[in-house]
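Visitor: I'm new to this structure, and I'd like a close look at just one part of it. Could you walk me through it slowly?

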Amino acid sequence: MKKLTVMIMSSVALAAAGAEFDLPAVTGDNMVLQQQTDARLWGFDRPSTEVEVRPSWTDTVYRAVTGPDGRWDVAVATPAASFDPHTITFATADTVVTVCDVLVGEVWLCSGQSNMEMPVRGFSTQPVEGALELIKTAGRYPGVRVITVPKAGAYEPCRDFEADWKVSTPANVYDFTAIGYMFGRELTDLLDVPVGIISCAYGGSKVEGWLPRHILDTYPDWDMEAERDSTMLEWQRIGVMYNAMLNPVIGYTVRGFLWNQGESNVGRHHEYAEHQADMVSEWRRLWGGAELPFYFVELPGWEYGNPEGIDAALLRESQHRAAAMLPSCGIVCTSDLVGEDEVGDIHASRKAEIAERLAMMAGARTYGIEGLPDRYPTYRSMQNDGERAVLTFDNAWSGFTPNEELPGFEVCGTDGVFRPARALQDWDDHTVTVSRPEGVDRIEAVRYCFKNFAIGRVHDLTGMPLVPFRTDK
């Protein structure tokens with residue numbers, strides 16, 4: 001809650017005067033501001049109202065005047081990160097509001113659908129692995145704070161929402177985004193700074209749900225206006241999360257974005273990469289940073305109607321293509337983070353490893369920490385004589401484990417039917433040789449874990465999984 005420390009007029013007098021001073025939910029007690037930058041703050045009052053902003057870490061007073069719409073904005077220079085609490089005082093002619101326990105550190109916005117939304121307490125009958133330890137040790141991370149934007153949809157832009165910044169305590173963490181919160185803890189361990197997480201996710205939402213109408217109107221077969229009077233559920237609609245959830249936090253200064261989404265776009269892989277890239281470019285434009293880091297999470301293994309199908313594999317391929325289309329983007333592979341019993345559970349329980357991999361990527365690429373593993377073994381090329389296919393890989397300098405036969409490879413012959421095949425790595429050059437199995441006339445193509453549900457069991461020596469791939473197109 002925002003704390004009113006001084007009132008120059010009584011509440012009755014303010015009401016009579018028609019005072020309307022208001023701060024957005026994202027600006028309040030326990031908030032985290034991005035360090036060493038010009039952090040944006042804003043609020044609302046009557047038009048032509050003068051507002052002063054006084055941060056406790058400086059003698060500088062920032063001033064603004066509300067526009068015709070009643071909104072004011074300032075950019076406040078922030079110091080280096082620390083765990084020392086600060087205050088920020090906002091003053092007009094008739095109101096003084098002080099926000100307390102403000103930390104300066106690193107801020108990330110976490111968005112997507114249910115696997116990003118999934119809280120530490122889990123969903124019904126679907127747990128988060130290690131939740132007890134997270135709850136028990138939450139008090140060790142008072143510098144990790146989370147604000148959760150409530151799930152909502154609207155066809156017109158919304159100004160604000162109801163929520164508060166929460167400090168990491170055993171009582172609070174139950175409802176924190178599991179991936180976002182664990183990412184914050186990992187980042188705090190890496191950098192020794194406070195971390196603020198803005199959780200802005202809606203289960204079931206499509207990537208198109210997070211795009212503005214002026215972009216959606218350029219897409220064939222996507223009609224935001226036609227949805228208004230339909231019987232679609234809120235989470236199925238397009239553009240509405242952008243208006244109701246993202247719009248109120250646009251411009252709040254962040255270091256970067258984490259994105260975990262894609263399940264609801266399975267079957268539309270042909271357009272996903274371009275739409276995802278459009279979203280990244282638009283969000284960067286709105287936040288004023290052409291290369292703000294944007295790190296994706298690979299689609300989880302699930303049955304998607306048929307475990308042996310490849311629609312989800314094609315969507316994962318599109319995710320990787322989207323990450324390669326723009327600078328300062330990356331994607332963490334998750335093919336190894338599902339169990340045999342999770343084929344019917346789209347909310348896999350192992351969120352800690354995903355958060356760790358996101359933190360390693362951010363640590364290496366955003367913060368320049370040398371030595372952190374942030375690259376995954378990926379398919380490069382194939383030499384094929386029909387009997388044996390020799391595969392080469394990038395980011396595999398130390399070879400693969402297991403160091404004998406590698407599971408998960410398939411080949412097809414001229415009939416196009418893929419069958420399991422034996423794959424062995426060469427210990428000297430770390431190529432992988434896949435042999436023609438019985439029932440295949442000649443090797444035409446090779447695939448690895450290229451299914452809706454397949455558990456990746458091949459890793460490099462730091463535990464980074466081999467990215468699923470196909471040699472055919």
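In what order do the strands of the open sheet of 4 strands come, and with what pairing?

Guide: Happy to! Keep in mind that this is a predicted model. Reading across the open sheet, the order goes β15-β16-β21-β20, and the pairing is antiparallel. On the edges sit β15, covering 378-384, and β20, covering 423-425. Each of those edge strands pairs on one side only. The sheet has some turn to it as well: on average, and ignoring direction, neighbouring strands are turned by 25° against each other.

If you want one spot to look for, find valine 390: its bridge partner in β21 is threonine 433.

While you're here, have a look at a pair of helices too. Helix α8 spans residues 269-287 and helix α9 spans residues 311-325. Their axes come within 8 Å and cross at roughly 30°. Angles under 35 degrees count as roughly parallel, so α8 is roughly parallel to α9. The crossing of α8 and α9 is right-handed. On the α8 side, the contact is made by His269, His270, Tyr272, Ala273, Glu274, Gln276 and Ala277. From α9 come Leu314, Leu315, Ser318, Gln319, Arg321, Ala322 and Met325. Sort the residues of this α8 with α9 contact by kind and you get 7 nonpolar, 5 polar and 2 charged.

Conventions: Residues numbered from 1 in each chain as written. Predicted model: local features only at pLDDT ≥ 70, side-chain atom pairs only at ≥ 80, totals over all residues. Heavy atoms only, no water. Pairing = 2+ DSSP bridges. Helix = DSSP H or I, 4+ residues; strand = E, 2+ residues; numbered from the N terminus. Axes fitted to C-alpha atoms, helices over the stretch in contact; angles between N-to-C directions. Parallel < 35°, antiparallel > 145°, perpendicular 65-115°, else oblique. Left-handed = near helix turned anticlockwise from the far one by under 90°. Contact = heavy atoms within 4.5 Å. Nonpolar A, V, L, I, M, F, W, Y, C, P; charged D, E, K, R; others polar.
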